[in-house]
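Okay, thanks everyone, let's get going.

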Amino acid sequence: MHNGKRSHTPTPTEFTPPIRYATNRSGPVRWLLSHVGRYPLLLLFIFVGALGNAALAAAVPVFLGRAFDAMATSPPRTELLLPAALAILGAQVARSGLQFLRNFSAELVGQRLERDIRDELYASLLGKSMAFHNAQPVGDTMARATNDVREINLMFSPGLLLVVGSAAFLFMPIIVAYRYHPSLVTVPVAFLVSYVVALWRYLRELDPIAAQVRERFGQMNARLAEAIDGIEVVKGTAREEAEVDRFAGLARRFRDAFVQKGDVEARFLPLLFLGLAQGAGFLHALLLFRAGQVALGDVVAYVGLIQLFGFPTFVSLSAYSQVASGLAAARRILELMNRESHVDQNEAGHAAPMRGEIEFRNVSFAYEEGGEPVLTHISFKVHPGQTVAIVGQTGAGKTTLVKLVNRTYDVTAGQVLVDGVDVRDWNLAALREQISIIEQDIFLFSRTIAENIAFGKPDATMDEIVAAAKAAQAHEFIMAFPEGYQTVIGERGVTLSGGQRQRLALARAFLTDPAILILDDSTSAIDSATEDKIQRAIYAAARGRTTLLITHRLSQIRWADLIVVLRKGRIAAIGTHEELLRTSETYRRIFVTLGTPAGTGSGEQRGPEPCVPRA
Ligand code: DUT
Ligand code: MG
């Protein structure tokens with residue numbers, strides 16, 4: 001996993017995500033609506049289930065009131081009790097059916113939404129430019145892709161499910177109480193109004209805290225991911241304790257935000273209103289009863305109706321904060337997807353089989369807009385099939401230079417042309433498919449060796465894979481593993497050395513057979529037997545295609561058709577080995593340095609820098 005915050009520059013993005021349906025990304029609510037809008041039937045079920053549930057819940061006090069009245073008359077009309085009891089029973093059975101419908105639909109919507117949003121986010125992340133990924137901490141992205149998406153699921157079920165379900169309970173007492181006596185709506189209406197006002201204020205208070213909880217979780221996660229990613233450095237420098245402290249600090253900040261959220265929740269006023277409404281409602285009904293305006297059964301029913309407020313009051317405590325968390329999460333996911341997302345696939349661009357001619361025309365490049373230029377006025381031309389060695393001190397800009405060819409980054413000024421066409425005018429996929437870059441630090445996926453080799457050509461047969469591995473001099477060491485090509489990298493401690501990784505990457509290149517091969521070989525610690533194998537593999541790989549070779553190895557430099565000597569982002573010398581030996585003092589010195597046993601160019605990793613002494 002590559003992480004870390006490197007400086008960045010606006011660049012193109014690489015690919016058009018396979019969007020299966022369009023979503024509205026102009027705001028979190030609209031975005032969520034455009035997602036749930038795909039499940040209208042389920043939404044209908046939620047509403048029907050919620051309303052029906054509330055209506056049938058109100059049936060209990062209503063029939064109870066009737067039963068009371070039947071008993072209160074003299075003589076008591078006991079024959080009315082059974083129908084009332086049966087009505088209550090029937091209503092509750094039907095109610096459980098509706099509850100099932102409501103819960104099931106909400107759960108389904110929540111789960112589907114979680115899946116859909118994860119798909120959308122993943123596709124969006126793959127479509128982002130390198131500049132985006134360099135600047136965005138992996139851990140934070142992970143937090144958004146996992147926990148935040150999960151929050152949105154919870155927001156619907158149980159969050160919104162309970163909000164919708166309980167909202168129906170708020171109106172039921174008002175509607176039904178009116179039938180007993182119009183003035184009886186006073187207390188329910190007063191409760192409803194104060195409930196809504198209190199809730200509105202509660203949510204306003206809760207919203208920023210919910211956002212903070214999500215954000216701090218992301219920060220904590222980013223730290224964790226970075227520490228684990230860099231575990232070797234942490235251990236190697238004995239910084240475990242300091243890292244633990246830093247993590248603990250972030251965990252504490254996350255907890256504090258959470259406690260703050262709990263604090264706001266604890267001061268939730270509707271609980272108080274509920275108690276007041278119960279007392280006031282009972283009093284009101286009794287007064288009406290004393291005045292002979294309502295029957296005893298009506299009082300019983302009415303008090304039972306007021307009890308219905310209990311449900312929305314209690315669930316709103318957690319349900320609304322769930323919704324607030326969900327909204328905060330939606331905002332974070334949306335922010336990530338909307339950030340720097342000009343999908344510049346250049347579908348209509350130039351797409352043709354590549355011959356492999358590369359030309360740099362007065363290219364300058366800076367990682368940051370207006371920042372220090374890393375490359376300045378670079379011009380040179382490579383004919384199809386040629387091998388170019390790029391040499392220079394560390395930090396001279398070698399890696400940067402080659403990354404301009406496949407548009408990992410775009411030039412700041414000037415032009416890079418491939419086959420005479422500006423790389424920005426190429427169809428991006430066509431351009432990249434025909435250029436293979438073997439990076440300085442080679443990344444392997446936690447999959448089998450065969451899958452790693454076939455990464456750029458998933459439909460390759462096993463024979464093709466083996467042939468490629470043989471050409472890359474990798475077959476032998478692969479077969480030394482008990483499981484050969486089916487060895488899973490990273491499993492049971494299987495890791496590969498730098499030289500082995502490089503040969504796997506070469507095998508990848510043999511398999512995809514690119515027109516242009518770029519090999520960033522500047523750091524490698526390899527014994528001479530392996531060295532020889534790699535040399536042969538690289539030599540074979542370079543044949544028949546244009547090859548840019550960043551290298552410190554003298555033999556490779558010597559057989560290159562063209563040598564570009566970079567110094568502080570400028571071309572210090574350029575030409576063939578013989579030419580440079582004759583004309584360039586700088587090059588002669590490199591040659592001498594590299595030629596001496598002490599500096600064969602393949603010294604220890606990050607070892608003494610053998611290249612380009614000061615001219
Ligand atoms: N640089 C950045 N941002 C990046 C990468 C590099 O600012 O994302 C800077 C660091 C350095 C310059 O660009 O000052 C050139 O870096 P590059 O990696 O191209 O140097 P190199 O010639 O490949 O060095 P090495 O031999 O150590 O690989
Ligand atoms: Mg480099």
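So, the buried residues of α9 pack against α6 (186-229), α10 (296-307) and α11 (310-338). Contact here means heavy atoms within 4.5 Å, and buried means under 20% relative accessible area, exposed over 50%, partly exposed in between, with a 1.4 Å probe and protein chains only. Helices are DSSP runs of H or I, at least four residues, strands are E runs of at least two, and both are numbered from the N terminus.

Quick housekeeping: this is a predicted model, where local features need pLDDT of at least 70 and side-chain atom pairs count only at pLDDT 80 or more, while totals for chains, interfaces and linings use all residues. Residues are numbered from 1 along each chain as its sequence is written, chains are lettered from A and ligands numbered from 1 in the order in which they are written, and side-chain values use heavy atoms, with hydrogens and water left out.

Back to α9. Which of its residues are buried? That's Pro270, Phe273, Leu274, Ala277, Gly281, His284, Ala285 and Leu288. Looking down the helix axis, the buried residues of α9 fall within an arc of 105°, so they line one face; that arc is taken from the directions from the axis to the C-beta atoms. On the other side of α9, Leu276, Leu283 and Arg290 are exposed. And after α9 comes glycine 292, with a positive phi near 75°.

Now the rings. There are 14 aromatic pairs in the structure. Rings of Phe, Tyr and Trp (its six-membered ring) pair if their centres lie within 6.5 Å, and planes under 30 degrees apart count as stacked, over 60 as edge-to-face and the rest as tilted. One of them is phenylalanine 100 with phenylalanine 104, stacked at 5.5 Å centre to centre with 20° between the planes. Both sit in helix α3 (residues 81-126), four residues apart, about one turn. Phenylalanine 100 is exposed at 57% relative accessibility, and phenylalanine 104 is partly exposed at 47%.

Then there's phenylalanine 360 and phenylalanine 380: ring centres 4.9 Å apart and planes at 10°, so that pair is stacked too. Phenylalanine 360 is in strand β1 (residues 358-366) and phenylalanine 380 in strand β2 (residues 373-382), so the pair ties together parts 20 residues apart in sequence.
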